[in-house]
Amino acid sequence: MKKTGVFYGSTTGTTESVANLIAKKLGVAPADVHDVSKMNADVVGAYEVLILGTSTWGDGELQDDWYDGIKVLKGMDLKDKIIALFGCGDSESYGDTFCDGMGILYEDLKGSGCRFIGAVPDTDYTYSSSVSVIDGNFVGLAIDEMNESGKTEERVTAWIGLIKAELA
């Protein structure tokens, strides 16, 4: 498997838990799971694959630690990197901004030359709007631990199956 690093921004611990679940299912060592608040170019540069996770806050905003993290990524040459995104949101209380943070990461990085993997159809989700949906697909794995925690394990497992071939 290509050298993979999982980076997350987590305020309440939900995104961190999902990051650790993804890492475990992929066989990524705990030492390769990083809090984005500690992200720097040297750490990012050590990986061929970046799995980036964020929650959505306020009126569809990135988790706070990502504001500095995205600056690190934008300052790097990402043309040889593979990026998979995951986002945590609340489709019931914030159905009009569901997983927007993931869409913001995508928008900020789509011109960087990296290759995105792991788009997920939005058909198994209930929400009213999301900037992370393009042509009926989330740009990555959308997770709703608030209202659909019973689907998290299944969604992560299916997503791992989707991206694993790209990581070989």
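Helices (H or I, at least four residues) and strands (E, at least two) are taken as DSSP runs, numbered from the N terminus. The model is predicted, so that local features need pLDDT of at least 70 and side-chain atom pairs count only at pLDDT 80 or more, while totals for chains, interfaces and linings use all residues. Residues are numbered from 1 along each chain as its sequence is written, and side-chain values use heavy atoms, with hydrogens and water left out.

R155 lies in helix α5. Its relative accessibility is 7%, and R155 therefore counts as buried (under 20% relative accessible area, with a 1.4 Å probe and protein chains only). Apart from neighbours within four places in sequence, R155 is in contact (heavy atoms within 4.5 Å) with D124, Y125, L141, A142, I143, D144 and E148.

Helices α3 and α4 pack at about 25°, with axes 10 Å apart (lines fitted to C-alpha atoms over the stretch in contact, with angles from 0 to 180 degrees between N-to-C directions). The two helices are therefore roughly parallel (angles under 35 degrees). The contact involves W66, I70, L73 and K74 of α3 and L105, D108 and L109 of α4.

How values were computed: Angles under 35 degrees count as roughly parallel, over 145 as roughly antiparallel, 65 to 115 as roughly perpendicular and the rest as oblique. Buried means under 20% relative accessible area, exposed over 50%, partly exposed in between (1.4 Å probe, protein chains only).
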